[in-house]
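Hi everyone, thanks for making time this morning. I'd like to walk you through one model, so please take a look at the sequence and the structure on the screen.

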Amino acid sequence: GMVSNWTKIPPPLFKKVVIVLIDALRDDFVFGSKGKQFMPYTTQVVEKGTSYSFIAEAKPPTVTMPRIKALMTGSIPGFIDVVVNLNSPALLDDNLIWQAKTAGKRIIFYGDDTWVKLFPKHFVEYDGTTSFFVSDFTEVDDNVTRHLDRVLKREDWDLLILHYLGLDHIGHMTGPNSPLVGPKLREMDNILKKIHISLLSKEEASLPNLLVVCGDHGMSETGSHGGSSEGEVHTPLLFISSAFEKRSAPLAQPEHVQQTDLASTLAIGLGLPISRNSVGNLILPVVGGKTMREQLRFVHLNGFQLSRLLQENIPAYEKDPGYEHFKIAEKSHGNWIKLYLEGNNSEILLNLGKKVLKQYLEALKILSSSLSKQVAQYDMYSMMVGTVIIMEVLLLLLLSVPKALSKRAEFEVPLSPPLFSLLFYLMCLMLCAVHVIVCTSAESLCYFCSMSWLTAVGVMMLISALTCGILTAIAKIFENSRLQPKSPIVSSSSWSEIDVLILAGTIGHVLSLGASSFVEEEHQTWYFLINTLCLVLCQELCRNNFLLKECDPQHSTNVKQNFYGVGETSECKNIDIPGASNSKLGKATSSSELIKGSDKWISLATPWIILICCRLLRSLNQTGVQWAHRPDFGHWLTSSEHKSELSFLAAVSLLMIFFLVQRRCSLVSKIAMALGLLGVYSYRAAVGNVIFPWQHGGKDISK
């Protein structure tokens, strides 16, 4: 019991395995109210059948290709895989599919063609469907299901993989609360029922079959994925087989496991070696029906593979708590084997076995955690050095651009004076000292530290030279602005509150885009900025019209310019504010005074009208991530009961566009535009969004 018989792999636990991967299947689609309503057969199997249910946690990025890699290799893909997702090259890492093919297993695949690209020449039969026609909810799944009846009757396969894309497409187009989700889940339920019944009918007494149901990722409240929200990372994982005990009580709350655990569990189930780079743990309930000796053998195999991976990745692996736990568990396992071989079948042997199993599971958990952290570590120091150089070059170019775009077209980058300054040498010394400290204290490998000292000093000199160059360029700009003669117009002008607000709002908006949550809810920033801007405009107009004297035209002229600049879209171009120009004041008559008075009130009312319009705009569509599922005016309009109201609004809007634009058009342009707008309405009527007045339902109009 002291030497591992690693070369001898345990026999398979299941004869045939079917993996049904439903793209973007959230955990609440199976375990929540939607599952009970639309997936009755699956719910019955989960609650009362021979199954084990789990919630599998996916690591971000929650995109299809990295998730398939995680499921089949047990490793954690990086963010570079998001880019590679668009053109998936063949997967060269050790993986479950390769191991199965090497062991002589016959694999059939139908579904997302990402699998065909990742595993070329691995399948004895396949049919790939493309995932880029997002508006296709039906054909993309029918092209998978059409093979099912024929394949399930055959005996010439060991592993069948089906990847359904329809649910993901519905999520992208209409979101998780769409009325289209229910029928699609019902369709998936019927497919699972068909597969399960077929597997049960073909079963032999010696070796049962296994059905695995999972999702690659979930979907957010808007139907998208890629991030780390709960809806995106939590997916259901079901193991259904007659080998398991029938559930006596309903399932309370499924246990959480990692998505990477599937690769290790399936490898044991199919009698294959666990993938070399897998960080997953064996899901013990799946093998819970086996004898204690077999269970200990399985967890030992998993622990041995994880400890080997730890040795390859961490130099001081012996000090790792997970490795220490594993060695203790292995020793206890040896003692248990000795007792077992002596023929001791007492309660002591069973209790000791449970204790060893518990030790192994604890060791697996710590080993997996250590390896996951190791994979997620990034070379921050090298990344920061690179970022600093890029930012310095960019800033230097920005400072040099005004001269380059002037009449003289000079492009001057002041690098020679800084090289002979004291600041340059002090910065070089300081940066070299920082480099020595970082490289001598860093525990993990660092690309920049692995460079020769000569190269590292050269990089430090470059950073120092660029910093000094930037400071010199800024100093020159200030010097030139100080030497330029100040005109009386420039000196008399000063920044108004609107100028400050626009500048502060722009800077604040740019800074807010540094956080993903602000990017998702960017519209909230815009609502806040527009409302604030309207209120400031109103204050400026009130001050200009009521507080400032007629003889002080300077401030009012500024306000007028600001107001025109911001309010052009509000059709307020003809508003005249007192103090606009001397020529107008000279020609003033009693009638123009009256017009001027009415214009004043229109100008004061305009910001409030804009505020009301903004409020209506906010109610039209609930967007972003947090509140996208809430009801709004847009949902009310697009519902089938209010098609006539939507049709009326659409017709009025198109007519308004025509009347507002036609004034500046020739006759030919007017006719062309009228036909174009009529075409827009006709198209919307043909696809069923709106109706014509003479229409009674959507059947009496052709596309």
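Let me start with a question: is C534 buried or exposed? The answer is that C534 is buried, at a relative accessible area of 5%. Before I go further, please keep in mind that this is a predicted model.

Let's stay with the cysteines for a moment. C614 is buried as well, its relative accessible area being 12%. So why don't C534 and C614 form a bond? The closest cysteine sulfur to that of C534 belongs to C614, and at 5.6 Å it is too far for a bond. Looking from the other end, the sulfur of C614 has its closest cysteine sulfur in C534, again 5.6 Å away. To count as a disulfide, the two sulfur atoms have to be within 2.5 Å.

How many disulfides does a search of the whole structure find? One. That disulfide is formed by C439 and C449, with 2.0 Å between their sulfur atoms. The disulfide is left-handed, because the torsion about the S-S bond of C439 and C449 is about -85°. As for where the two cysteines sit, C439 belongs to helix α18, residues 422-441, while C449 is in the loop between α18 and α19 (453-483), so the pair ties together parts that are ten residues apart in sequence. C439 is partly exposed, at 22% relative accessibility, and C449 is partly exposed, at 22% relative accessibility.

Now, on to the sheet. In what order do the eight strands of the open sheet come? Reading across, you get β4-β3-β5-β1-β6-β7-β2-β8, and the pairing is mixed. At the edges are β4 (125-129) and β8 (255-258), each of them pairing on one side only. From one strand to the next, the twist averages 15°.

Please zoom in on β5, residues 159-164. How many of the six residues of strand β5 are buried? Six of the six are, so the strand is largely enclosed by the rest of the structure. If you look at which way the residues point, L159, I161 and H163 go one way from β5, and L160, L162 and Y164 go the other way, with all of them buried.

And the neighbours of β5? Strand β1, residues 17-22, runs parallel to β5 and is joined to β5 by six bridges. You can follow that pairing residue by residue: L21 stands opposite H163 in β5, and I22 stands opposite Y164. Strand β3, residues 107-112, is also parallel to β5, with five bridges joining the two. There, Y110 has L162 of β5 as its bridge partner.

Back in helix α11, residues 181-201, K184 and E187 are three residues apart, so about one helical turn separates them. Their side chains meet in a salt bridge, at 2.9 Å from N to O. K184 is buried, at 5% relative accessibility, whereas E187 is partly exposed, at 25%.

The side chains of D28 and R26 also meet in a salt bridge, at 2.9 Å from N to O. Which of these counts as buried? R26 does, at 6% relative accessibility, while D28 is partly exposed, with a relative accessible area of 29%.

Next is R543, which forms a salt bridge with E497, and here the closest N and O atoms are 3.0 Å apart. This pair links distant parts of the chain, 46 residues apart: R543 is in helix α23 (residues 522-547) and E497 is in helix α21 (residues 497-512). E497 is partly exposed, at 36% relative accessibility.

Finally, there is a network of salt bridges, and E125, R150, R154 and D156 are linked in that network.

Conventions. Residues are numbered from 1 along each chain as its sequence is written. This is a predicted model: local features need pLDDT of at least 70, side-chain atom pairs count only at pLDDT 80 or more; totals for chains, interfaces and linings use all residues. Side-chain values use heavy atoms; hydrogens and water are left out. A salt bridge is a side-chain nitrogen of Lys or Arg within 4 Å of a carboxyl oxygen of Asp or Glu. Buried means under 20% relative accessible area, exposed over 50%, partly exposed in between (1.4 Å probe, protein chains only). Helices (H or I, at least four residues) and strands (E, at least two) are DSSP runs, numbered from the N terminus. Two strands pair if DSSP finds at least two bridges between them. Axes are lines fitted to C-alpha atoms, for helices over the stretch in contact, and angles run from 0 to 180 degrees between N-to-C directions.
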